[in-house]
Amino acid sequence: MSRSKGGKKNRQYHYNKINIGDKGKEVVESINDNSLVVKQFRTYAAELDDKHDRYERIVKISRDIIIESKRIIFLLHTIDKESKQESILHESKVRLQTVAQNLFKCIALELENQHAYQYLNAYRAGLEEYIEAITFYQYLHKGDVEHWTELEKILTYTISEKSENKTLSTLITPYEFILGIADLTGELMRNCINNLATGDIGSCYQTCNFVRNMYKGFLGFTSISNREINGKLYTLKQSVQKMENVCYTIKVRGSEIPKHILVDVATKDYTQNNEEYLKY
């Protein structure tokens, strides 16, 4: 009984669905193509299709930016000798300029005469990764990070068209720059560990103080931050603690531990202390 009733309901549903489709088909065939309402809606459809296509193109460019930025960061981590430092920094600078002049310029062209904030999420991940890469380069090159307005100048372009110059730019907000800076601290922590492994003890203290000052700056606006910044702040705190433990190990036990195993002792002490802290 139940099976036959179910079959009957399915047949009835299928029958009604066909009727609705036939009715809709009749309505579509009776539409007047010269109607102002129809023309207006087709204009809206074309605008939406153009917006979606542009959004997808920007997403693809952003993926290329992410890939190249990660490769540049990995390249910067290979610095281990003074003789090798200048060549790596020069190569990283050239590749960063290439990303700005090619990929970000394509985004700027896509944003021309558009509401840039509508497409910000399309390239936001790539922008943050690029900020992380370029600020990491700036720190290794100068020992400091430039103001975010300098990055804005890098991603601003002057294009000559019909004997006239026009200025295009990729939208950058302080919020995206802050998120990129927060990710930078993780790279600085890894750089500190790498320097300890190569015996460059002096730079460990310098990097630790730099990241500690950044952490103080982040604490200044914690009350108005959102969940995303709070998550990055938690990771930043862990990076500071790990670097401080490295500096503590160097200062207290550096003379009694061989340099080639000093990094293993420092990271091991941090892991043990962190596990004991999580128990409570």
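Two strands count as paired if DSSP finds at least two bridges between them, and strands themselves are DSSP runs (E, at least two residues), numbered from the N terminus, as are helices (H or I, at least four residues). The legends below describe a predicted model, in which local features need pLDDT of at least 70, side-chain atom pairs count only at pLDDT 80 or more, and totals for chains, interfaces and linings use all residues. Residues are numbered from 1 along each chain as its sequence is written, and side-chain values use heavy atoms, with hydrogens and water left out.

**View 1. The hairpin of β1 and β2.** Strand β1 covers residues 156–161 and strand β2 residues 164–169, and the two pair in the antiparallel sense over six bridges. Look for glutamate 161, whose bridge partner in β2 is glutamate 164. Two residues sit between the strands of this hairpin, and lysine 162 takes a positive phi near 55 degrees.

**View 2. Threonine 135 in helix α4.** Helix α4 spans residues 120–142 and holds threonine 135. Is this residue buried or exposed? Threonine 135 counts as buried because its relative accessibility is 1%, the cut-offs being under 20% relative accessible area for buried, over 50% for exposed and partly exposed in between (1.4 Å probe, protein chains only). Its side chain reaches the backbone oxygen of isoleucine 131 at 2.5 Å, and a polar atom of the threonine 135 side chain lies 3.2 Å from the backbone oxygen of glutamate 132. Beyond its neighbours within four places in sequence, threonine 135 is in contact (heavy atoms within 4.5 Å) with Val145, Phe177, Ile181 and Leu184.

**View 3. A nonpolar surface patch with Val37, Phe41 and Tyr44.** Patch residues have over 30% relative accessible area and no salt bridge, with nonpolar side chains (Val, Leu, Ile, Met, Phe, Trp, Tyr) joined within 5 Å and like charges within 9 Å; a salt bridge is a side-chain nitrogen of Lys or Arg within 4 Å of a carboxyl oxygen of Asp or Glu. Valine 37 belongs to helix α2, residues 36–76, and counts as exposed because its relative accessibility is 52%.

**View 4. The whole protein, for orientation.** Nine helices and two strands make up the picture, following the pattern α-α-α-α-α-β-β-α-α-α-α along the sequence. Of the 280 residues, 37% count as buried. Among contacts between residues at least 6 apart in sequence, 72% join residues at least 24 apart.

Definitions and conventions:
Accessible areas come from the Shrake-Rupley method with a 1.4 Å probe; for residues, only the protein chains shown count as cover. A polar contact is a pair of N or O atoms within 3.5 Å; within protein, one must be able to donate a hydrogen and the other to accept it, and residues adjacent in sequence count only if both atoms are side-chain atoms.
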